[in-house]
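Here are my notes on the chain shown below. Please read them with the structure open.

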Amino acid sequence: MDQCEDTQEGAPPSKSTLCGKYESKRKAQSLHRNQPGPGYEPSRVSFRSDRSMALPPHFKEISSGVQHVIQQSSETPSGPSVQQHQTQLDSIFLLLEDNIVTFVKTELKKIQKILIQREDEEKLEEEDEEQRSSRESLMKITENFLRRMKQEELADRLQSRSFEGCRQRVQSRLKKKFQCVFEGMAKAGNPTLLNEIYTELYITEGGTGELNQEHEVRQIEAASRKADRAETSIRQEELFQLPAGRQEPIRTVMTKGVAGIGKTVLTQKFTLDWAEGKANQNIHFIFPFTFRELNVLKEKFSLVELVHHFFPETKEAGICSFEDFQIIFIFDGLDESRLPLDFHKTQILNDPRKSTSVGDLLTNLIRGNLLPSARLWITTRPAAANQIPAECVDMVTEVSGFNDPQKEEYFRKRFRDEEQSRRIIFHIKRSRSLHIMCHIPVFCWITATVLEDLLKSRERGELPKSLTEMYIHFLVVQVKVKKVKYDGGAETDPHWSPESRKMMESLGKLAFEQLQKGNLIFYESDLTECGIDIRAASVYSGVFTQIFRQERGLYQDKMFCFIHLSVQEFLAALHVHLTFITSGVNLMEEQKKSKKSKQVNPVHFYQSAVNKALQSPNGHLDLFLRFLLGLSLQTNQNLLQGLLTQTGSSSQTNQETVQHIKEKISENLSAEKSINLFHCLNELNDGSLVEEIQQFLRSGRLSTDELSPAQWSALVFILLSSEEDLEVFDLKKYSASEEALLKLLPVIKASNKAILGCCNLSERSCAALSSVLSSQSSRLRHLDLSNNNLQDSGVKLLSAGLGSPHCELETLSLSGCLITEEGCAALASALNSNPSHLRELDLSYNHPGEAGIKLLSAALEDPHWRLDTLRTEPAGVQWLTPGLRKYSCRLTIDTNTVNRNLKLSDNNRKVTFDKELQSYPDHPDRFDHWYQLLCRDGLSGRCYWEVELTNRVSTSVSYRGIRWKRNTNDCLLGQNNQSWSLFYSDYDGFYVWHDNKMSSVFPFSSSSSSPRVAVYVDCPAGTLSFFRVSNDSLIHLHTFNTTFTEPLYPGFGFWPGSSMVLC
């Protein structure tokens, strides 16, 4: 490969970016261009003649004239004198001198004008390739002569103008390449302007380049839970700008995102905005590459040669060094790379002109050995992120998919009919599987393609509810398009022909075999291995463009891929299903070499698929399993009539498969595996487990003590599907216990805020929560652990998670957790390791000591710590008492409020209903109709008290402004917005009231003794909790979370035959 020659020695670096010598080829071209036309008389004009200032003749005319003279010379009869031949040559060179001088003087005038003009005023004239090449050569000569004349400033300015012309041509090329996109496919359909359809994708900073081996459907599940969160995002045009507080420059950015999330379109938009002059104009060049193109390069390249080959404008401009330019290299699709990127053994290369393999070239570029001034942007799917060492990446970002409003916006744009779009959006929201997958823009397109076709033929019919059904319809739509568009058939004709069946069988085999190898991009050799002829593959990509597409790289090498991983997995499942029902062979199991293979039982076939999927540690078969089980339904097989010649399962087989899945759910599986099994049940049209739990939740009688393992898994699945619970998860709503926390840990991990106060947690919980905090996929930002007996030992375990670089917790409450100086030291050490996120720490009602307070207070003044709020008061040894009783307060009844049917005794500690009226004096605060009373002192801090009840007593807190004298229900405790109440009845048990609404029912029966109730209120925090006291332990009944705007007064309500004792 050609390499530009070095510039002269001693020139400053900024002057070495353009080649400084003529190329022999251009000399020949220059000679050819400046020959005289017919009848043209040689001029004897000197270099200084005024005549030489005339505009140059048209190049093409000159060319033909010189050609005529050369022809005359060549046709000279043999044997002429040498003198005659010399005379002819003199004539030619006189013509040549005249034309060169004319051209040079004219161009020098233009160059002079260029040097006078400001850069923003420069307008390049329209010129053909020959003219441009001659001009650039002359500009280089001029620059060299200016440097010899020591006119460095003028030379630099001229060099800058030369570069600008090259830059404009590169931008023009990139605009043509990226201004149009094809939605969902490579070359089919009508092109759409990228700027018209582009919806801004959210790029969030965070995470590392560590390996994430989870199946992308699991990652989509996790990402969909945080899609509506308010997170700091980075606009694509600001990708390399230094964020506030960061001092180190950003050279290399890695952007992760699952397949189809929009990474490639993002890089195209970034490049297009630069090419159109909209953003990043401080960047001289952006050079976008894809690993698909780089994979096919077999010969060696230098960095300069690689740029020249992909961007020939730079070679034409003579740029042979890039050190002095601001450059961004984009490498899209690291996950598709087949290049050996060895960051440990690759030989160090510093010379951008030295050739090596493309893999070694990229390794040195990413390492910073080559062109350390350049910036790099690498995109990848998460599973391939670890191919590049963490020390080579300055910032890791993640592309978020569509959030819920963006999903709706997409379908409203796609379907202009408002009623139609409303129906589609409503339908997608009803199906959790579809709603989650619509997080991916490509799946939104697939869904729109299917629903658009179905709504034409089914105005009021059923729409697909499961993923399998959606993908079957998608396949049928493409077959229908082939039949009508390519074969000239009618829409009513049968869709499947022998040819299309053969095509689909071949694609299914390719999908399955390459899925097993982990390949998403296929080359000719891959297709040959699967028995597909390259010509047939081209036909497939031409016909089924929306399923299987063909792309071309640098040397027009053919590359093939499915439009999305999920399409490949669906076709792979279809291939396994077809193979089983036609031949009885189970491709999911190792096949014996014996020719006589025993027929596999359908039940065993599906159960073995479930078992094999569960054996995968990263869920790589999760989506495949959903499709395979979905294809077992008779209703789905009916949709594939023509492709399937026989069915492969019965309703009895499906029921046995469902039962097998339920048994697996009952086992001790990870949350991700359980969740996928629930999706599998959905594909099998069975929602019985989920419905059981939903009925319990609706009735308010969910007893977590009685849940089976499968029901616990169902509860996790339901809670992970709930936006409300994931925004604020309160463990006490389900069970205030350590066992419940451990079972619901996946929900806490996916939540924005977790309220775990007063839940009887210990060290064991701290260890589990530490793993949540240190998890890369954790979404937890606010954690309330107040009033648990964690002690210093538990805080040390928790601190291990707080110190993790993955922990992004912003607020932490450890109030009343029995923490001393030792625990404070552990917290300070953890936060010193990870100071960038936690901004609020509550350690009130502990005993940190002066040393502990001093350790943490120093953080408030440290500019590297984000902590801005630290609470340590009240503090003291008295708060190291376990449990809530340390907040005990003695209640005193306000006798001026007691209804006259209530009798006081035992020094006003006992209250009993009495039919006879008591002789209490009149008072404006006395309840005159309802059998109620309030206590004397208002509460404003933390308080705890216990009471012993008999039948039909309400234990309440109220603002003082409750009405006293009316007989309407809004004067009853709990029946208005001024009061909160727990009512006890021997018949019903406990239930709570506020603002005339009953929240929960807790059955309770006691034949031996009256129940004892405990109340805990934290007025500043806005929490009010009711407990039942049993054997000196507290059983949580209900917690109100609100904002108290006034002091609270304990109160009690009675009915005939009831009584209460203050403990």
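1. Terms first. Two strands pair if DSSP finds at least two bridges between them. Helices (H or I, at least four residues) and strands (E, at least two) are DSSP runs, numbered from the N terminus.

2. Basis. This is a predicted model, in which local features need pLDDT of at least 70 and side-chain atom pairs count only at pLDDT 80 or more, while totals for chains, interfaces and linings use all residues. Residues are numbered from 1 along each chain as its sequence is written, and side-chain values use heavy atoms, with hydrogens and water left out.

3. Overall counts. The protein chain has 35 helices and 31 strands. Of its 1063 residues, 54% count as buried. Buried means under 20% relative accessible area, exposed over 50%, and partly exposed in between (1.4 Å probe, protein chains only). Take contacts (heavy atoms within 4.5 Å) in the protein chain between residues at least 6 apart in sequence: 73% of them join residues at least 24 apart.

4. The antiparallel sheet. Seven strands form an open sheet, ordered E19-E20-E31-E22-E27-E28-E29, with antiparallel pairing. Its edges are E19 and strand E29 (1033-1041), each pairing on one side only. Neighbouring strands of this sheet are turned by 25 degrees against each other on average, direction ignored. Axes here are lines fitted to C-alpha atoms, for helices over the stretch in contact, and angles run from 0 to 180 degrees between N-to-C directions. Within the sheet, strand E27 (residues 1012-1018) pairs with strand E28 (residues 1023-1030) in the antiparallel sense over seven bridges. Which residue in E28 is the bridge partner of Ala1014? Phe1027 is.

5. The parallel sheet. Six strands form an open sheet in the order E13-E14-E15-E16-E17-E18, and here the pairing is parallel. Strand E13 (728-730) and strand E18 (869-871) are the edge strands; each pairs on one side only. E13 pairs with strand E14 (residues 753-755) over three bridges. Asp730 stands opposite Ile755 in E14.

6. Helix crossing. The axes of H26 and helix H28 (residues 709-720) come within 10 Å and cross at roughly 85 degrees. That makes H26 roughly perpendicular to H28 (angles under 35 degrees count as roughly parallel, over 145 as roughly antiparallel, 65 to 115 as roughly perpendicular and the rest as oblique). From H26, Ser674, Ile675, Phe678 and His679 meet Ala710, Ser713, Ala714, Phe717 and Leu720 in H28. The contact residues divide into six nonpolar, three polar and no charged. Ala, Val, Leu, Ile, Met, Phe, Trp, Tyr, Cys and Pro count as nonpolar, Asp, Glu, Lys and Arg as charged, and the others, Gly among them, as polar.

7. Backbone points to check. The peptide bond from Glu873 to Pro874 is cis, with omega near -5 degrees. Pro874 sits in the loop between E18 and strand E19 (902-905). Asn685 has phi near 65 degrees, positive in a residue other than glycine. Asn685 lies in the loop between helix H26 (671-683) and helix H27 (688-699). Asn685 is exposed, at a relative accessible area of 68%. Asn996 also has a positive phi, about 65 degrees, in the loop between strand E25 (989-994) and strand E26 (997-1002). Asn996 is partly exposed, at 46% relative accessible area.
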